[in-house]
Amino acid sequence: DWQLGPKDDPAEESKPEKVNKRLETMFGPDVPFETQFASIYSFEVRRVPNFRVGRVLFAGDAAHQLSPFGGGRGGNSAIQDVDNLAWKLAHVVQGKANERLIDSYHDERAPVADENMQLSRRAAEFLNPSSAHSLAVRNAVLALAPRHPFAKVLINTGRLSVAPNLRGSWLLTPDRDAWDTPLTPGTAAIDAPAGENGWLIEYLTGAFALMVYAQDRDQLDAKTIITLERLASDPTPVESLIVLGRVGHDADAIPKLYDRAGLIRKRYDLSPGAAYLFRPDQHVCARWRVWTADTVRAAVQRALGL
């Protein structure tokens, strides 16, 4: 990529002899090469003011445009847009939530688009500084990076498909307990080994899901099992997933997973009886050290905007 100036003629600059001259300057006079294709393109870094306008919903490039120097952020965030919107739209269409839930799509996704635009602009500015100040900063970072780790970080704008943290969304139930983990309500589920050869994420199948931890099967009394079965029969079903620290006898139909590496307990800071409630898009929307059917139902209602 070469950035053209405002007075450059695109047709002239894309001629093979012009392109090859640039390549010769970059590679050196004795390096053989062959030009297969050359073209001119431009880009915008912007987003719509609101991801919802009446009955029209914007997603992907229709909602936000990024420079190619954030490589992958546009496509990855488009998939995240759909993950965020689809379950909300489905619940409204099915009559399980009112239209207010759709407004949360913009509230949760616009800040992510803003962050991606900021990082995209930063990458483009680093590659092609637009001022003497930016050039000085870029050159200083490149000079320091071989010797100082802090400068290496300034070169890379980060991974391009990190799931967003929706912290602050009005659909989330705030914590009342203390937790020793980076996860918070709004964080996407973190995977961990589960069962003999499976993974936790495979069991979060697109519905509201309550993950309950028990050290072994004996810690699950009949009342807990009955409560979980009733939650699964609610108008908005809550699937149950019991994580066990030790393998035990499965006496009922509720799915149970053996935490074979202990990483589910560690990563979620689980104690016996603790529970996490996941949204259909696999983001944490509530968690408790001690939970009841009423607290779970209230969190589901809040997550539906009711």
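Guide: Two strands pair if DSSP finds at least two bridges between them; strands (E, at least two residues) and helices (H or I, at least four) are DSSP runs, numbered from the N terminus. This is a predicted model, in which local features need pLDDT of at least 70, side-chain atom pairs count only at pLDDT 80 or more, and totals for chains, interfaces and linings use all residues. Residues are numbered from 1 along each chain as its sequence is written, and side-chain values use heavy atoms, with hydrogens and water left out.

Visitor: What makes β7 and β8 a pair, and in which sense do they run, parallel or antiparallel?

Guide: Strand β8 (residues 238-244) and β7 share 7 bridges in the parallel sense, where at least two are required. Ala214 has Leu244 of β8 as its bridge partner.

Visitor: How do you know that β7 also pairs with β10?

Guide: There are 4 bridges, antiparallel, between β7 and strand β10 (residues 275-278). Leu210 stands opposite Leu277 of β10.

Visitor: Why is the unit of β7, α7 and β8 called right-handed?

Guide: The term applies if, with the strands pointing away from the viewer, the path from the first strand over the helix to the second runs clockwise. β7, helix α7 (residues 222-232) and β8 form a right-handed β-α-β unit.

Visitor: Why is β7 described as largely enclosed?

Guide: Buried means under 20% relative accessible area, exposed over 50%, and partly exposed in between (1.4 Å probe, protein chains only). In β7 (residues 208-214), 7 of the 7 residues are buried, so the rest of the structure largely encloses the strand. In a regular strand the side chains alternate between the two faces of the sheet. Here Phe208, Leu210, Val212 and Ala214 are buried on one side, and Ala209, Met211 and Tyr213 on the other.

Visitor: Why does Phe208 count as buried?

Guide: Phe208 has 1% relative accessibility, so the residue counts as buried. Beyond its neighbours within four places in sequence, Phe208 is in contact (heavy atoms within 4.5 Å) with residues including Trp87, His91, Val238 and Phe278. Its C-alpha atom is separated by 9.5 Å from that of Cys285, 77 residues apart along the chain.

Visitor: Why is Glu108 called buried?

Guide: Glu108, in helix α4 (residues 100-127), is at 5% relative accessibility and therefore counts as buried. Leaving aside neighbours within four places in sequence, its contacts include Lys88 and Arg279.

Visitor: Is Phe27 buried, exposed or partly exposed, and why?

Guide: Phe27, in helix α2 (residues 16-27), has a relative accessible area of 40%, so the label is partly exposed.
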